[in-house]
Amino acid sequence: MAGPMRIRAKLNGDKTTVRVLMSHEMESGQRKDSSGKLIPAHFIQDVSASLNGKVVMTAEWGPAVSKNPFMQFEVKGAAKGDKISVSWKDNKGDSRTDETTVS
Amino acid sequence: MQTRRETLKQSAVVAGLVASTGLFPQQAAAYEQAAFSAKNLADVAKALGASAPQESNAVSIGGPDIAENGAVVPLKASSTLAGVKRMLILVEKNPAALVAMFNMTDAVEADFSTRAKMGQSSDVFAVAIMSDGRALYAKKEVKVTLGGCGG
Amino acid sequence: MKKTFIALALPAAVLALQACTMSSSASDPDKMTAEVIKSSFVDRGIAKLDRLNPDPANAACAAAEVAGQPIDANLAKSIEEANLKSVQWPSDGKFLGDWKQGEKIAQSGKGMTWKDKLDSVNGGNCYNCHQISKQEISFGTIGPSLYNYGKLRGVTDPNSAASKAIVEYTWGKIWNPRAYSACSQMPRAGHNGVLTQAQVQHIMALLLDPQSPVNQ
Amino acid sequence: MKLIRKNVVALVVLALAAGQAMAQKSASDSIAEYRAMLQDGNPAELFEMHGEELWKQKRGPKNASLEQCDLGKGAGVVKGAFVELPRFFADTGRVQDLESRLLTCMQTLQGIDTSSVSTRTFGKGETANITALATWIAAESRGQRMNLPQDHAKERVMYEVGKRLFFQRGGTHDFSCATCHSSEGKRIRLQDLPDLTKNPGDGIGFAAWPAYRVGNGQMWSMQHRINDCYRQQRFPEPKFGSDATIALGVYMGVNAKGAESIAPAIKR
């Protein structure tokens with residue numbers, strides 16, 4: 001099972017900066033192993049973020065997003081104590097959801 | 001103040017919720033495979049049903065002039081325009097140009113950052129796909145350098 | 001390769017003798033270091049334990065560095081003389097090869113680690129320490145800049161009599177830098193079998209061929 | 001035609017050279033800018049979280065956590081431990097670095113079979129666990145200054161041994177640690193090389209590892225860092241937690257006295 005995400009959500013004036021680190025190989029499908037065989041692509045395809053349960057953004061990624069991905073975005077209208085939750089799903093169907101509180 | 005431990009415990013609960021409610025509304029529309037297979041900006045825009053891309057001052061691309069390592073290149077796509085539907089990040093010389101696509105709602109700014117792999121020095125693009133189908137972009141060059149030792 | 005290490009075995013005994021003649025307080029950490037090396041390192045891949053057998057120049061230079069003093073001048077001179085004698089000059093009489101291939105060799109830092117195979121093509125590691133052509137901005141500064149190497153030394157025709165001295169010096173420096181500087185930090189690319197004669201010829205061309213980007 | 005092409009090439013080269021001269025001037029500024037961009041969101045934090053879990057989790061045949069592990073400041077004291085390691089431990093009679101000490105605690109407190117822990121298993125199994133633990137433990141001392149003890153005779157001997165290992169030349173290229181790390185202001189390619197024979201400054205060298213390597217997306221402990229230096233020196237391999245690696249740690253750590261620790265850092 002994939003490790004937990006590190007999510008930080010910090011209120012700056014009327015915007016909340018959300019920074020997310022995800023634990024994932026993001027294998028490109030371009031690399032070869034030591035025996036010369038192509039390592040199959042394994043990467044996060046879908047990302048979704050919610051504020052208090054309501055989806056505020058989604059994303060689709062290709063295999064060129066770096067290993068252990070980082071993502072940052074700005075949410076409007078959040079208050080301290082609100083819940084930010086982030087989910088991802090990869091091309092093999094694995095998924096993960098974590099959440100944090102706006103501070 | 002929530003500790004990491006609590007976060008971990010809660011995540012299991014939340015995971016259950018995701019399974020039942022489905023936090024991936026975009027999956028109603030399938031993953032944009034065609035866009036993620038396209039070789040250049042024009043083809044990505046076409047695959048997403050947008051018009052021919054035009055350069056715009058209202059879109060900006062952030063990134064380093066030189067990346068010390070092509071495995072991790074921090075890139076930021078933003079726009080000051082109203083009516084942005086999607087923000088894209090592209091690396092022109094990658095095997096497939098499109099790196100990431102961020103879908104907007106009214107609750108977020110058109111301002112997204114991530115980190116991309118780059119095989120070589122290349123132009124990188126931020127593209128705003130507007131609700132009316134226009135594709136507006138900004139670009140900059142990022143040089144990827146060779147690292148030390150090489151052994 | 002093998003040849004080199006046979007040559008190294010003898011000096012190890014010399015070093016041990018030197019250590020015994022030192023005062024007991026100073027010899028403790030040296031003895032301890034030898035024990036630590038023995039207990040800590042293992043063979044891995046092509047990188048065998050015999051790579052730790054010190055040759056006398058390596059041992060003398062390291063000891064001087066530990067002591068924070070320069071190496072004895074007479075010892076330095078004898079090391080340089082012995083190494084200059086051992087330089088192998090090009091067997092076909094050609095000092096310069098193809099600068100384009102030289103550039104590739106200069107770029108590569110590959111070869112001879114425990115992850116590499118015995119028959120892998122080694123790189124010269126040149127850009128790790130030197131600026132060479134102006135086009136490559138990713139260069140090291142451990143060694144001096146080699147940009148305009150031939151041009152600055154007035155080499156317009158590497159085959160001319162006027163250029164003979166600098167061409168030969170450059171060959172010797174790449175083959176075995178210890179021929180000119182006893183404690184040089186530069187690898188003995190030719191002497192230690194890191195680069196082949198043909199590879200050294202290509203690097204020579206990169207530095208000395210008037211057509212090479214280095215001399216533009 | 002050929003001649004013309006040659007001239008064009010020459011012109012391009014000239015233009016490039018002028019451009020490159022300018023690029024060169026700002027190359028190090030650009031690299032600094034690149035590094036600054038990566039600071040916010042260091043994936044080392046993912047390993048830090050995992051390490052904290054591992055410290056508190058009951059594991060092994062003894063079903064015990066590591067919370068009673070003595071890292072040098074008494075059982076269970078984590079804060080400040082990192083900046084005083086490696087140090088002498090009376091119970092093992094050895095000078096130990098953070099990772100070899102964690103190995104001891106996993107064996108004695110948890111009864112975990114650590115025979116799989118080696119340089120061949122970096123990033124896997126219990127070796128990866130040790131790296132994660134080291135990452136969290138280092139993070140708990142972030143901002144503190146390196147202050148390795150030199151009170152015990154064995155700590156002083158290990159410093160002297162470390163110094164000798166640092167200058168030891170060998171391998172096929174005659175490299176030593178000192179080849180790259182004994183003078184100020186040098187670079188290998190575009191990477192700055194810290195002078196490790198003295199305090200190289202806050203958050204530089206010993207005070208930066210464990211670090212996340214962006215090039216391969218791996219978390220590297222000091223054991224892994226030293227191991228790969230020796231690989232590139234074309235030496236044979238130092239064993240995991242061997243005295244040679246610990247002695248080098250003592251040498252670099254003592255030299256860095258007063259430097260602020262930023263570990264876990266992010267590196268190219």
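## Chain D and its partners: a briefing

The contact between chain D and chain A takes 12 residues from chain D and 11 residues from chain A; contact means heavy atoms within 4.5 Å. The contact of chain D with chain C takes 42 residues from chain D and 52 residues from chain C. This is a predicted model, in which local features need pLDDT of at least 70 and side-chain atom pairs count only at pLDDT 80 or more, while totals for chains, interfaces and linings use all residues. Residues are numbered from 1 along each chain as its sequence is written, chains are lettered from A and ligands numbered from 1 in the order in which they are written, and side-chain values use heavy atoms, with hydrogens and water left out.

**Chain D with chain A**

- About 910 Å² is buried between chain D and chain A, and carbon and sulfur atoms give 56% of that area. Buried area is the accessible area (1.4 Å probe) that two parts lose on being put together, summed over both.
- Three salt bridges are counted between chain D and chain A. A salt bridge puts a side-chain nitrogen of Lys or Arg within 4 Å of a carboxyl oxygen of Asp or Glu.
- E45(D) forms a salt bridge with R6(A), and the closest N and O atoms are 3.0 Å apart.
- Six residue pairs are in polar contact between chain D and chain A, both residues at pLDDT 80 or more. A polar contact is a pair of N or O atoms within 3.5 Å; within protein, one must be able to donate a hydrogen and the other to accept it, and residues adjacent in sequence count only if both atoms are side-chain atoms.
- Helix α2 (residues 44-56) of chain D gives the largest share of the side of chain D that touches chain A, four residues. Helices (H or I, at least four residues) and strands (E, at least two) are DSSP runs, numbered from the N terminus.
- That side of chain D has five nonpolar, five polar and two charged residues. Ala, Val, Leu, Ile, Met, Phe, Trp, Tyr, Cys and Pro count as nonpolar, Asp, Glu, Lys and Arg as charged, and the others, Gly among them, as polar.

**Chain D with chain C**

- The area buried between chain D and chain C is about 4800 Å², with 57% from carbon and sulfur atoms.
- Six salt bridges are counted between chain D and chain C. In a salt bridge, E65(C) meets R169(D) at 3.4 Å, N to O.
- The count of residue pairs in polar contact between chain D and chain C is 24, both residues at pLDDT 80 or more.
- Elements giving two or more residues to the side of chain D that touches chain C include α1 (2-39), α6 (177-181) and β3 (186-188) of chain D.
- α5(D) gives the most to that side, with seven residues.
- By class, the side of chain D that touches chain C has 16 nonpolar, 12 polar and 14 charged residues.

**Helix packing in chain D**

- α2(D) and helix α4 (residues 125-139) of chain D pack at an angle of about 100 degrees, with their axes 7 Å apart. α2(D) is therefore roughly perpendicular to α4(D).
- Axes are lines fitted to C-alpha atoms, for helices over the stretch in contact, and angles run from 0 to 180 degrees between N-to-C directions. Angles under 35 degrees count as roughly parallel, over 145 as roughly antiparallel, 65 to 115 as roughly perpendicular and the rest as oblique.
- Residues in the contact of α2(D) with α4(D) include F47(D), L54(D) and W55(D) of α2(D), and L133(D), W136(D) and I137(D) of α4(D). The contact has nine nonpolar, four polar and two charged residues.
- Helix α7 (residues 222-232) of chain D packs with helix α8 (residues 243-255) of chain D at about 105 degrees, and their axes are 10 Å apart. α7(D) and α8(D) are therefore roughly perpendicular to each other.
- From α7(D), M222(D), Q223(D), I226(D) and Y230(D) meet T245(D), L248(D) and M252(D) of α8(D). These residues divide into five nonpolar, two polar and no charged.

**Backbone features in chain D**

- A cis peptide bond joins L85(D) and P86(D), with omega about 0 degrees. P86(D) is in the loop between α2 and β1 (87-89) of chain D.
- N63(D), in the loop between α2 and β1 of chain D, has phi near 45 degrees, a positive value in a residue other than glycine.
- A cis peptide bond also joins A263(D) and P264(D), with omega about 0 degrees. P264(D) is in the loop between α8 and β8 (265-267) of chain D.

**Elsewhere**

- Chain A has zero helices and seven strands.
- The whole structure holds 36 salt bridges over all chains. D55(C) forms a salt bridge with R178(C), the closest N and O atoms being 3.3 Å apart. That pair links distant parts of the chain, 123 residues apart.
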